[in-house]
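Trainee: Could we walk through this one together? I'd like to learn how to read it.

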Amino acid sequence: MVDMYIRGGWIITMDSERRIIRNGGVAVEDGVIIDVGKQEYLDKDYKSYADILINAERDIVLPGLINTHVHLAQGLLRSCADYLSLIEWLRDRIWPLQGNYTKQEALASAKLVVLEMIKTGTTTFLETGLVGRYDPDEIIEMIYSAGMRAAVARHVMDLRGYATIENILHEGLVETGEYSVNDTVRLIKKYHGWDNKIWVWFGPRTPGAVSIELYREVVAKARELNTGITMHLSEVREDVEYTMKNFNKKPVEFANWLGLTGRNVVLVHVVWVEDSEIELLAKTQTNVSHNPSSNMKLASGAARISEMLKYGVNVTLGTDGGPSNNSYDLMREMKHAALLQPLRTLKPDAIRAEDILEMATIRGARALMIDHLVGSIEKGKRADIIIVDYWQPHLHPQNNPVSHLVYAASGYDVKHSIIDGKLVMFNRKVLTMNEEEVIVEAEKAARSLYKRAGLCITPDLKWPIT
């Protein structure tokens, strides 16, 4: 007997040979993939001996998606900050709203985001930075109970400014360096490595909100505690101006000078960089999280992803948050990533669908330092698998499953989601969360938050609502 046998359809393994198996099969036992191959050979061993038999003859089977940049606290802020550039967006909308959260509202926001990610094929994610007012413990425990894998970064800061503008960080988000570091260490000791599903990282804020001394302390602590670091870097031109003016260093040079580069570091956005900085990212094996929808919506710029891949940088994919995307659907993000590079370079072959699918799976696993566990469908790895229904007009004729996933599919084509060998969604129904309760709770929390903050009370529309 085996716990689960998936048979039929296309299996996109993302293994070292990048095999695509037509009419394949995957057997799972105790959360581990124990066999992958052609259905005609596997059926005799597993078809009649599986507790759960999933017929995937009209489906595409692939590794669960890995979202390397998520703001759980921004789930309630969807459509609250449209039509603004980054600094105005932060100063006038995002920080005042997030700084007014109660812990109950922060949890409601996190639940909403986790639910959306499960429903759209994400099985693992990297949260960019929780703060104390959100009650990180409760959020981490909710993530675990929902069945997802996550690296959860805890924000670290000790300065109030951002770039060249002072005193715009909302009081509700201000923390001391000592408190934010100590609380991150506490969370690491409590949760890091929990059941190979939860990890706790350091999430220092951007240059201007963290002192040089604190950055260096974070680097040392991450090394000591064997964990990761994630940080926004070079998202907008102002970031370049800040590091050049204050340190005479380009942003990636600045990060490298502090030790904020390496295999355990995920730098987010990295839009405004030169060739020398891309070379430095490759040399130090630093990971980059590309967030194309956010960069386009906030008019931040188009990251040089084609060049990064050519230099050998491990580029991954992230959705960013509710008010900057306004979606947590990583499959939809794949299309935006695929289209942005040809537009930027005026070269239709600037990036391929295969590159994009790697960014959303095995490259994401490598960035989170868990590619020995997940990111591909192969023997010995944990069974994090999604099954996409291709029996739909927008995914036919079915002659190239990789192209269709990247250019034509959305997360709402995902039919089943399996994490650690357990079904967390079956036939579009999430089994680990009460969808109705999550949505009702999020609506109630959002209205309360908007009223307290005095923002997002009425929709930003030019048209009348009657």
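Mentor: Buried means under 20% relative accessible area, exposed over 50%, and partly exposed in between (1.4 Å probe, protein chains only). This is a predicted model, where local features need pLDDT of at least 70, side-chain atom pairs count only at pLDDT 80 or more, and totals for chains, interfaces and linings use all residues. Residues are numbered from 1 along each chain as its sequence is written, and side-chain values use heavy atoms, with hydrogens and water left out.

Trainee: How many salt bridges does a search of the whole structure find?

Mentor: The rule is a side-chain nitrogen of Lys or Arg within 4 Å of a carboxyl oxygen of Asp or Glu. Search the whole structure that way and the number of salt bridges comes to 29.

Trainee: Glutamate 57 and arginine 7 meet in a salt bridge, so which class does glutamate 57 fall in, buried or partly exposed?

Mentor: Their N to O distance is 3.5 Å. Helices (H or I, at least four residues) and strands (E, at least two) are DSSP runs, numbered from the N terminus; arginine 7 sits in strand β1 and glutamate 57 in the loop between β6 and β7, 50 residues apart. Arginine 7 counts as buried because its relative accessibility is 10%. Glutamate 57 has 41%, so its class is partly exposed.

Trainee: How many residues apart in sequence are lysine 111 and glutamate 441?

Mentor: Their side chains also form a salt bridge, 3.5 Å from N to O. Lysine 111 is partly exposed at 22%, and glutamate 441 is partly exposed at 30%. Lysine 111 belongs to helix α3 and glutamate 441 to helix α17, so the pair ties together parts whose separation in residues is 330.

Trainee: Last one: is isoleucine 465 buried or exposed?

Mentor: Isoleucine 465 lies in the segment after α17. Its relative accessible area is 62%, over the 50% cut-off, so the class is exposed.
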